[in-house]
Amino acid sequence: MHDTMTIGEQLDIQKIRKDFPILEQTVYGHPLVYLDNAATTQKPTAVLKAMDDYYTTINSNVHRGVHHLSQLATDAYEGGRKKVAEYVNARYDHEIIFTRGTTEAINLVAACFGKKFLREGDAILVSGMEHHSNIVPWQLVAEERGAVVKVIPIDENGELVLDNLERLLDGVKIVAFNYVSNALGTINPVSTIVTAAHKRGIPVMLDAAQAVQHMSVDVQELDVDFLAFSSHKLYGPTGIGILYGKEEWLNQLPPYQGGGEMIKTVSFEKTTYNDLPYKFEAGTPDMAGAIGLGAAIDYVRGLGIENIQRAEHELMEYALSVLAGIDGLRLVGSVDASRRAGVISFLVGNIHPFDLGELLDQQGIAVRTGHHCAQPIMDRYCIPGTVRASMAVYTSREDINRLAAGIRKAAALLL
Amino acid sequence: MTIQETQEEIIADFDFFENWEDKYDFIIQLGKELPLIQEQYKTDENLIRGCQSRVWLHVEYKDGQLLFTADSDAVITKGLISLVIKVLNGHTPKEIAEAEITFIDAIGLGSHLSPTRSNGLLSMVKQIKAYALAYQAKSMQQ
Ligand SMILES: Cc1ncc(COP(=O)(O)O)c(C=O)c1O
C-alpha cells in the first residue's frame, strides 16, 4: 500500500475534523457531537469535490459512447472499482461489483446463490447478531426454496458461541455473518468460521459494513467467498456499495437483474450475458457514487487505515473507562476494548433508550436509540433497545467527554 | 373547558419555562406521576406498536363522552400522552374527531408527532381519532 502517512504516525484529530465541514455547526445552541457514525459517516471535502468535479466536467454515460466524455467517465468509474479492489486486496478488479449498498449486495447473493444451489431441506447459517439486512434476504430465499435458516447463538458478552459450530454446519450450503456487529461492536472470529466452513466446502459471505471503516480488510487473507459493504459508512456517498465475490463463485451465479450493460447479445430467442463484473450491473450505474467512493478510499488510505484503527482503539479504551464511571450505566456487549470496534451500546438504570436519546439530542449530541435493525439481539438480552454511540476517525476525546456529561445530565432529569 | 381552551392553557404554562431542562423536567414529572392505565388494560390488544417505545391505550364510552387511559414504557412519551389525554378526555366523539392537536408543536415537541420518529404518540393520536369517528358514526345511527 502506498499510504502517504507512515504506519505508526499519530493522527491529528483536530486537523482531520477540518476536512468535515458538517461538523462545524451547532444544534440547539450546542456544538454538534456526532456519534451516529455506525448509521452513516460524514463526508470529507475531498469526496464532495470529486463528485462535484465529475458532474461539472465529465458527466456522461459509461461504457456506451465513442465520445470523449464517455471515455473519461468510464475511466473514472472503473478507477473507482480499481481503488475498491486495492482497498480490500481483491485478486481481480472484476471481482468487485457495484451495488446500491450492503443490503443489495446481500440480496444479490441470497437470490442468485439460492436459485442455483439451494434445495428443499438445505440450510443457511447466520449469526444471532446480524443486521436485519443479513437475515431477511436469507429468510426470503429459504422460504422460496424450502430451506431453513439456522442461527449461531451469542453469549452474555455479545460474543458468538462456536462450541457447536461443527454440528450447526450440518446441511448448510452457505454461511453469512458480520465481521463487526452494528448493535454491539463485537469483532467476530472470521477465520475460525471460514476454516470450519471451507473444510466442508461451504462458502462464506461476510457483511463488512461495520468493519471496512475501522480496520484493514483483506479478502484474500480472510479467504471469504463473498463480502459486502456500503460506501456511506466509509466516508463515501450514499447510494453505492460493494459486493466482492471470488471469481469462481461469481461466475457460477446466474444474473441478478436484467437490463442494459449486463448483456453481450440480445435476441428474442436467446440472450447471452456479459462477463464479470457487468453481468451483475444491469442499467446505468451510479457513476458519481463510484467516483466518490474512490475518493473516500483515497482519503482513508491517505490517513492510513492502521493509523485510524489505532486511534479509534485508544479512543474506545478512553470512552469505556469514562462511561464506566457513570452510575447505573450498563454496557451491552464486551467490556474489552480490543474485542470491539466503533460501537458502544449501553443502557442507564431503567431509563428507556428513547428518553435518554432525546435528552442527549437536546444537548447537541447525536446518538442512535432502539434496536438498531437487529431485533433478535435485543430479544436475546430482553431489552427494548439500547443507546448506541459510534465513532469515526474524526471523533475526539472532547466528544466522549460531552457524551458522558450529557448522559449524567439526562439521567439526573430522568431518574 | 373546550379542547381548544385546554390546549391554550398548556401552551401558556410552557411559556414560563426558560430552558429545555425545565420543560423536560415538567413533562418527565407528569410521566412519572400518574399510573395512567390499570394493569388489566395493558393487554396486547390495547398495545399500539411504535418503533421505539410501546404505548397502550384504553378507551371507554360513557354518557356520550370518551374517556381515555394510556401508558408508555418511555417516560417522555408518557408525559406527553398525559397532556393529550388532559386535552381530549371527557369530550364527545364529534368534538374529538374534529379537534386539531396543535399544542405539541407549539411547545416545541412537534418532532414527537413526526412519522419518522415513530415513538407511538402519533399512532396514539390517530387511534384516538379513529375511535372518535367510530363512536360518532355509531351515535348517528342510533
Ligand atoms: C452490519 C450491517 N449490515 C448491513 C447494513 C445495511 O447497510 P445499508 O443500509 O447501507 O445497505 C448495516 C447498516 O446499518 C450494518 O450496520
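Start by selecting A:His372, in the loop that runs between strand E16 (368–370) and helix H13 (375–381) of chain A. Keep in mind that you're looking at a predicted model. Is A:His372 buried or exposed? With a relative accessible area of 2%, A:His372 is buried, because buried means under 20%. Now show what surrounds A:His372: leaving aside neighbours within four places in sequence, its contacts are A:His131, A:Asn182, A:Ala183, A:Ser345, A:Met378, A:Thr386 and A:Arg388.

Select the ligand, and you'll find A:His131 and A:Asn182 among the residues surrounding the ligand. Then try the distance tool on some polar side-chain atoms. One from A:Thr103 lies 2.5 Å from an oxygen atom of the ligand. For A:His232 the distance to a ligand oxygen is 2.7 Å, and for A:His131 it is 3.2 Å.

Which residues touch the most other members of the largest nonpolar core? Pick out A:Ile16, A:Val175, A:Tyr179, A:Val224, A:Leu227, A:Ile377 and A:Tyr394, out of 87 residues in that core. Colour helix H10 (residues 287–303) of chain A too: it gives the most to this core, with 11 residues. Domain 1 (13–42 + 304–410) and domain 2 (49–301) of chain A both contribute residues, so the core lies between them.

Zoom in on A:Tyr394. Leaving aside its neighbours within four places in sequence, A:Tyr394 is in contact with residues including A:Ile13, A:Ile16, A:Phe20, A:Tyr34, A:Tyr235 and A:Asp399. Apart from this core lies another, of 71 residues, and its members include A:Val33 and A:Ala337 as well as B:Ile28 and B:Val125.

A:Asp399 leads you to helix H14 of chain A, where A:Asp399 is one of the buried residues, along with others such as A:Ile400, A:Leu403 and A:Leu414.

Last stop: A:Tyr273, in strand E12 (residues 272–273) of chain A. A:Tyr273 is partly exposed, with a relative accessible area of 43%. Check its C-alpha against that of A:Ile263: they are 10 residues apart along the chain, yet separated by 4.2 Å. Beyond its neighbours within four places in sequence, A:Tyr273 also contacts A:Pro255, A:Met262, A:Lys264 and A:Lys279, among others.

Technical notes:
Residues numbered from 1 in each chain as written. Chains lettered and ligands numbered in written order. Predicted model: local features only at pLDDT ≥ 70, side-chain atom pairs only at ≥ 80, totals over all residues. Heavy atoms only, no water. Helix = DSSP H or I, 4+ residues; strand = E, 2+ residues; numbered from the N terminus. Buried < 20%, exposed > 50% of the residue type's maximum accessible area, 1.4 Å probe, protein only. Contact = heavy atoms within 4.5 Å. Core = buried A, V, L, I, M, F, W, Y, C linked by side-chain atoms within 4.5 Å. Domains from an automatic or database assignment. Near = heavy atom within 4 Å. Polar contact = N/O pair within 3.5 Å; in protein donor to acceptor, adjacent residues only side chain to side chain.
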